Amino acid sequence: MCKIDYLGTGLCPSGPERHFVAYYPQGRMDICDALAGELIPVTEGLLDIADTCTLCGICDRQCHFYTGMRPMTVMRALKDYVAAWRAEGGRATATAEDEVLKELRKIVGREWATNDPAILVTYANDPFPLAAMRMPKYVVLPGSRTDVESIVRLANDRTLPFAIRGNGGSVFGFVFTDGIVLDMNRMRKMEIDPDNWSADVEPGVTSFDLQREAHRRGLRVNAAEPAATVCGNIVCTGTFSTWSNVYGTAADNFLDMEFVDREGGAFHLNDKSIANHFGFERDVLPSPGICTRGLVKLHPMTGDEEGVLVPFADFDEAARFARDLGQRRIGLAVAVLGAHYIANFMSPSKELAARLKQSLPEVLGCEYMVFAVGDRYAREAIKRMAGAVIDQGLFRMLMLGLPRLLDPRWVDLIREYEGTMRPYELLCKSEMRPLLEAVLEPSAETIAEAVDEDLRDFYAALYERPEMTDMVWLNMFRIVSSRMSREKHMLAFLVYVPLDHIDVIKGINEEFRRIADAEGLDNDYGFLTPMDFGKRAILEYDYYIDQTDPAEAAKIARVMRKIGPWLDDLAAKTKGVQWLKYVFSQGCSRKESFLYESLESPLRKEGAPR
Amino acid sequence: MRISTGELKRTRAERRGRILLTGGTGFLGSHLAAELLRSGYRIFLLARPLKQQRADERVAKILDWFGIEPEVRRNLQVVEGTIEKPGLGLDGDTLSDCLENTFEVIHCASNTGFAERKRPEVEAANIEGLGNVLEFASRSNCVFFHHLSTAYVAGRREGLCREELVDADDFTNVYEETKARGERLVSDHCRAAGIRLNIYRPSIVYGDSRTGRSLLFNALYYPVKTAVFLKDLYAADILKRGGRKAAAMGVRRESDGSLYLPIRLEVESAEGINLIPIDHLVAAFTAILDDSLEGGIFHVVNARQTAMGDLIDYTRRLFNIRGIEPCRPEDFGARPRNALEILFNNYLEAYGPYMRDKRTFAMDNARGILAKRRITCPAFDLEIFSRCMNYAVEVDWGARLFGGA
């Protein structure tokens, strides 16, 4: 997240200049950790990385927004360490330039390829607990498709393995190698063609950056998490979001994609002469190649779009309502969210989030909410269908007044309310607004009370901005989604499910819960978004682990051994169930090829080669 | 019957038999437990752990509140369990001990939720939970079952409600319905098992009329607490923030220093509510327990209802609030309800049947016993109201009950 300017605070100054992860706060944290573990010496690169940190404090504000952490302590520690090391007359280790590095530098330019351990170590690890640390030999930042082609050919010539990182980041332990890491961070060109309803993007362009460009033009893209690259996310997962209710997923998201194959040759998906990457095979397959360009679909926005939340006491009601919206084609973005997500999205601190999560069901009587974005006609329909809704005005009031909403006296009053309406139904009544206004005192200053005192001015200024409480903006840019890992590292399990069988979906939730509970792992329901007119949906269930605790890693290893066979078995027996594990790297396929059964291939039947 | 009345009397007099008491961390149950302990009874008190607190810690806090002396506590054994599980969720040894040594059961545990949406949890406690307690009683050496019910098992009706099992099928809410079903259940079960049975039917219980102390601040307290909350909220707005939000709601500070809250309550001034203080319930319960050895059904109610107009008046006078007025439904037509009125009237809707109660309660069974001991229920007047509400404010409506911040 420190590689995108999602709060409008600017970026860590050295990052956009030097591009390597090591020059962003995330990298400096890894370097500190590696120094503490004596994994790397003090190198020339490390000195430069420490020196280019200006202690400007941007990372503190950015990081606190979604993790609650204050990385400035680490940045200071790194600089202090280097200063002490210099004072003691330390001499930096210089890593020799070998033949491969020379070749790589010939391709991309001297400054964009390295074998300095301080930089390499920032590509060697991620929070995924089951992947061991692997130091690459080289990290290279290609600047163009021809650079990529040349690097692939060089790697093949030298029989070096390689791995691709869209924006330098990694969370699932997939992109480690002992050979070359290609970090696509420099390839950030992006061109919007409104007449073609498309954006032509290079692989270093993030979802946040593309959404921002699209938004400026009154357009929208079906975007992944803000720091994820657009191309990388499409290739890996097919990109899904709450907007997938109307925009779909996988091949629905793009017009064409360009790749460099394993031999270093380029191709694009709409070329009829190549293998069919729009089809799907239920297997763990490699991606079509290294994506070097994507022609991504853009969608129109109407000026009257707003978000609404429809509270429900239980999952069945909420899922039925979301399905109804999908089937009736009402609304754009749609999702069933649980108390855990809503609480974390709304709360600037984890303490407040924990209290809200508890209060939503216990006090307000609402365990789930259906989130929807719609134009005025859709919202009117939703209000008529649901009765009690939290509209944009009320949402803003609740969010800005959150510390007061959770004030013990008010909470007690609502908890003990024995009226005929559920407490949330009462609060949703428009006549109650003046009272809520008085109780909540909603303002940027009020919500800022939830954070450390020295950050309050910053948060107050931040929440003065209308987009920070705008459900449409927040859902398009997804900057609060990252808060889900605020307490612990999140492992998301994603399953496509048949929305006409809510019992199946509930069964999946219960089994995920049972498996995690048996191991004592924190877990919670994530979200459910209808797809393809309410026929299918994507379900997320999340496990939360302390990635630094080996005991939790062992637990995760055990649960993974249970989850795989269970989901495979369920998918074999139940139409519409498809684990994202198999879609992974087949994100360019048509969604119909994995959401539904296809014709059985006569060629395959006869055992012919594929 | 499992025992003769003579043996029952002797065993009680010598305090040989233990009482298993459910709901001992609740309002009624804790008061009964405290009284019985002070009277020398030996008690198994069934309690659940809650959040981070063990059952015995919860009970200890409550006994501290009652000021129960350590030597008296020696007669108490807290058993960690729940009525919602068979065998009361007790572990093997504890269950055996309780089955062997329980001489009487006092069943106070109950879910008092009114709203239909709470039906599953209300039924879980008041029907399934009761079933588990009865099953325990049958398996144990229990000879007498004391069942805390409610006067309102009579259901939606007018006129005299007798101290006998009711056959109603129309109830105001799920609480009344499940308590009525519970009485049938407990009656059938005890008859079949040869266990004597007393059913105690209190009306609406508030704090101690002599001290004002209470452990629970719902029912009668809730609307008052809401009024005080609103008064504090708008007074702060007027004093500290210029009073814009107060003005928008029509709230103002009067020249005599009182606060004007424009709240029309949908109640008739003369309509009444039947209130009894907890000290009366405790006195009545122990008297009935001592005297009713063959078993019976007893209304523990107030002969004098409290008029809604009086309650509103007490609130105005004690808290220096103006503007709260009783109002007929048709009067709302001219001016729609404001937010404060919606808040109140939705709540009052649930309590409405108890505020315009056309039921009267026969007290023949109870009166005989209570009169002998000169136990009378005090009228709920301004003095008692003030005592109770002042205590509520002192403990911040329960938030500072156990010395919390």
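Analyst: What follows sets the computed values against the definitions of the terms.

This is a predicted model, in which local features need pLDDT of at least 70 and side-chain atom pairs count only at pLDDT 80 or more, while totals for chains, interfaces and linings use all residues. Residues are numbered from 1 along each chain as its sequence is written, and chains are lettered from A and ligands numbered from 1 in the order in which they are written.

User: What makes chain A as compact as a globular protein of that length?

Analyst: Chain A, with its 28 helices and 18 strands (DSSP runs numbered from the N terminus, H or I of at least four residues for helices and E of at least two for strands), has a radius of gyration of 25 Å, close to the 25 Å that the globule rule gives for 610 residues, so chain A is as compact as a globular protein of that length. The radius is taken over C-alpha atoms, and the rule is 2.2 Å times the number of residues to the power 0.38. Along the principal axes, the C-alpha atoms of chain A fill a box of roughly 80 × 70 × 55 Å.

User: Why is His268(A) called partly exposed?

Analyst: A residue is buried if 20 or more other C-beta atoms, placed from the backbone, lie within 10 Å of its own, exposed if 12 or fewer, and partly exposed in between. His268(A) has 14 other C-beta atoms within 10 Å, and is therefore partly exposed. His268(A) sits in strand β9 (residues 266-268) of chain A, and, leaving aside neighbours within four places in sequence, is in contact with Asp256(A), Met257(A) and Glu258(A), where contact asks for C-beta atoms, placed from the backbone, within 7 Å. In chain A as a whole, buried residues make up 51% of the 610 residues.

User: What makes strand β5 of chain B mostly covered?

Analyst: In β5 (residues 144-148) of chain B, 5 of its 5 residues are buried. Phe144(B), His146(B) and Leu148(B) point one way, whereas Phe145(B) and His147(B) point the other way. In a regular strand the side chains alternate between the two faces of the sheet.

User: How do you know that β16 and β17 of chain A pair?

Analyst: Two strands pair if DSSP finds at least two bridges between them. Strand β16 (residues 522-531) and strand β17 (residues 536-545) of chain A are joined by 9 bridges and run antiparallel, and within this pair Phe527(A) stands opposite Glu540(A) in β17(A).

User: How many residues of chain A are in contact with chain B, and what classes do they fall into?

Analyst: On chain A, 21 residues are in contact with 26 residues of chain B. Helix α20(A) gives the most to this side of chain A, with 5 residues. By class, the side divides into 11 nonpolar, 2 polar and 8 charged residues, where Ala, Val, Leu, Ile, Met, Phe, Trp, Tyr, Cys and Pro count as nonpolar, Asp, Glu, Lys and Arg as charged, and the others, Gly among them, as polar.

Terms used:
Two residues are in contact if their C-beta atoms, placed from the backbone, lie within 7 Å.
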